[in-house]
Amino acid sequence: MKENFTLEKSNKAVPTEKISGSQAIIKCLIAEGVKTLYGYPGGAIMPVYDELHQYQDKIHHVLARHEQGAIHAAQGFARISGNVGVAIATSGPGATNLITGIADAQIDSTPLVCITGQVHSHLLGSDAFQETDIVGISTPVTKWNHQITKAEDIPKVLAKAFFIAKSGRPGPVLIDITKDAQFQEFEFSYQKCIEIRSYKPVPDIDANKVKEAADLINAAKKPMIVWGQGVILSEAEDIFKAVVEKTNIPAAWTILGASALPTSHPLNVGMVGMHGNYGPNVLTNECDVLIAIGMRFDDRVTGSLDTYAKQAKVIHFEIDPAEIDKNVKADVAVLGDAKATLTQLLPLLNTNNHSAWHQLFKDHYKIEYEKVIKNDLEPVKEGLSMGEVLKEINIQSKGNAAIVSDVGQHQMIACRYADFNITKSNITSGGLGTMGFALPAAIGAKMAAPERDVVAIIGDGGYQMTIQELGTVFQQKIPLKIVVLNNEFLGMVRQWQQLFFDKRYASTEMTNPDFVAIAKGYYIDAQKVTKREELSDAVKEMMTTDGPYFLEVCVEKEDNVFPMIPSGASVSDIRLE
């Protein structure tokens, strides 16, 4: 049977050697440049772990405290490095514990290769001990998955896995390998995959569509850009900045697009979406041309689709054809990698001013500043706000830290107020909204970028979902900075209960443990801040400590995050209080 994929060609004969399937897995990872992977051992993956022990000088295995911790760490590693993250687990519960992270990676376009062990092939379908159909379970949340029952298939399948995970719109791939395939010996050789028949990860660019887009942009009186993570994934930051500066178009971002253009850039007008900035949300429904770049028109961005940008011509730059017209109808769809399409677009664009249009954004910002921002960053009440904690972190890090946030009120505050001077600096769970994401993801991010300050911003609720990963921080000696903003509530749910459920705080108030004592139990330096006058020195101590550091900041219990677009409402109906 003819293979449906193409392997990298070489002028030399590819050497072979007779080795076991488990050793072949390790050699495949090494050939793909993997130096760090995250996992948890168990019976069905034990042969691979035995081989990993022999290759400690080439691959560093990080023992998580839970498989969910391993997969989120692999996500953080991938998000800050741009490389494929790798997670490994055993069969049954080990494999199913990866699913939340895999689903998170799928919706947030994060390149992962997940390897799971499986029971012996003759036991498949027999309900053997720790057998689950992980291929069936993971099919809806993976870009591709495959089960290997013969050792000889390992090199080609893993080559395909890495190619699929990283190419085009990235995503997670799961490879399930039976235990007998790990023991079998075969003649091993490895070549990277460079092409798969019928899989076209990057569409060809239609020059006519690029020209149509340029014509619309050049004729626009009130154009607006909304960019997403596609700009970062395609490494298009420089050409994107050139497009923005040449056209002088106000540019707003989705939470996963944050940091592609520095926060301080004069044409960066802020965040769109449910808790985004007032101006870019309201003016979405006043622009005449809406230029969407590498974003998918998520419901948290658009609000009611019936009223979203109906007056505007919509240009959609997108790598995934499935996203075109899925939520918002595009007048011009430009398919292709963002870096390539923007490179073709730039010389066709006219320089422009749009000064009157820019003034509208400034006017809306002034309104938002007086009603929201000033109160968040310079509160007059006694209790600390989440915003002033982010402000102090900005001061101490000079806006160069990578911020890894969990999910909830603190996430929205972090996205709104963190200074992002460097790309790949906002790492958070966007589409799935996974509580428990931040601590393990920050572990992976710090290991992938040891030269950068990495600060995890976490709520007291999400923190306790993966708090055990402090053990990984301690064992691996990771100089991570962990900040828990403690309001003793599941804050975002409580906010909705206050605004839409007559303040019935059903199961959202939390009785928390002594977080500082727990951190110190893991031999991590820690302190607790309860007063404003303690904050600056505490953040400074955290940022200047060589090793890991835990900081708990007690904030106002019932502060809300505004602006806010009520679920299903129009972006024009954004509330400032």
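**A walk through a predicted model**

Thr-508 is buried, with a relative accessible area of 2%, where buried stands for under 20% relative accessible area, judged with a 1.4 Å probe on protein chains only. This is a predicted model, in which local features need pLDDT of at least 70 and side-chain atom pairs count only at pLDDT 80 or more, while totals for chains, interfaces and linings use all residues. Residues are numbered from 1 along each chain as its sequence is written, and side-chain values use heavy atoms, with hydrogens and water left out.

Thr-508 sits in the loop that runs between α21 (491-500) and α22 (515-521); helices here are DSSP runs of H or I with at least four residues, strands are runs of E with at least two, and both are numbered from the N terminus. Leaving aside residues up to four places away in sequence, Thr-508 touches Glu-488, Phe-489, Leu-490, Val-493, Arg-494 and Gln-497, a contact being heavy atoms within 4.5 Å. With Gln-497 there is also a polar contact between the two side chains, at 2.8 Å; such a contact is a pair of N or O atoms within 3.5 Å, of which, within protein, one must be able to donate a hydrogen and the other to accept it, and residues adjacent in sequence count only if both atoms are side-chain atoms.

Ser-405 lies 103 residues from Thr-508 along the chain, and the C-alpha atoms of the two are separated by 20 Å. Ser-405 belongs to strand β17 (residues 402-405) and counts as buried, at 0% relative accessibility. Its side chain makes a polar contact with the side chain of Thr-428 (2.9 Å), and the residues that Ser-405 touches, not counting those up to four places away in sequence, include His-410, Ile-427, Phe-437 and Ala-438.

Ala-438 leads on to helix α18 (residues 438-448), whose axis comes within 6 Å of that of helix α3 (residues 67-81), the two crossing at roughly 45 degrees. Axes are lines fitted to C-alpha atoms, for helices over the stretch in contact, and angles run from 0 to 180 degrees between N-to-C directions. The helices α3 and α18 are therefore oblique to each other, since angles under 35 degrees count as roughly parallel, over 145 as roughly antiparallel, 65 to 115 as roughly perpendicular and the rest as oblique. On the α3 side the contact is made by Gly-69, His-72, Ala-73, Gly-76, Phe-77, Ile-80 and Ser-81, and on the α18 side by Pro-440, Ala-441, Gly-444, Ala-445 and Ala-448.

In helix α11 (residues 237-247), the buried residues are Glu-237, Ile-239, Phe-240, Val-243, Val-244 and Thr-247. Among the elements that cover them are α9 (207-219), β11 (223-227), β14 (289-293) and α14 (338-345). After α11 comes Asn-248, whose phi is positive, near 60 degrees.

The backbone deserves a last look. Most residues other than glycine have a negative phi, and most peptide bonds are trans. Ser-109, in the loop between α5 (99-107) and β6 (112-118), has a positive phi near 55 degrees, and counts as buried at 6% relative accessibility. Ala-309, in the loop between α13 (299-302) and β15 (313-318), has a positive phi near 50 degrees, and is buried at 4% relative accessibility. Phe-562 and Pro-563 are joined by a cis peptide bond, with omega about 0 degrees, and Pro-563 is placed in the segment after β22 (549-554).

Technical notes. Buried < 20%, exposed > 50% of the residue type's maximum accessible area, 1.4 Å probe, protein only.
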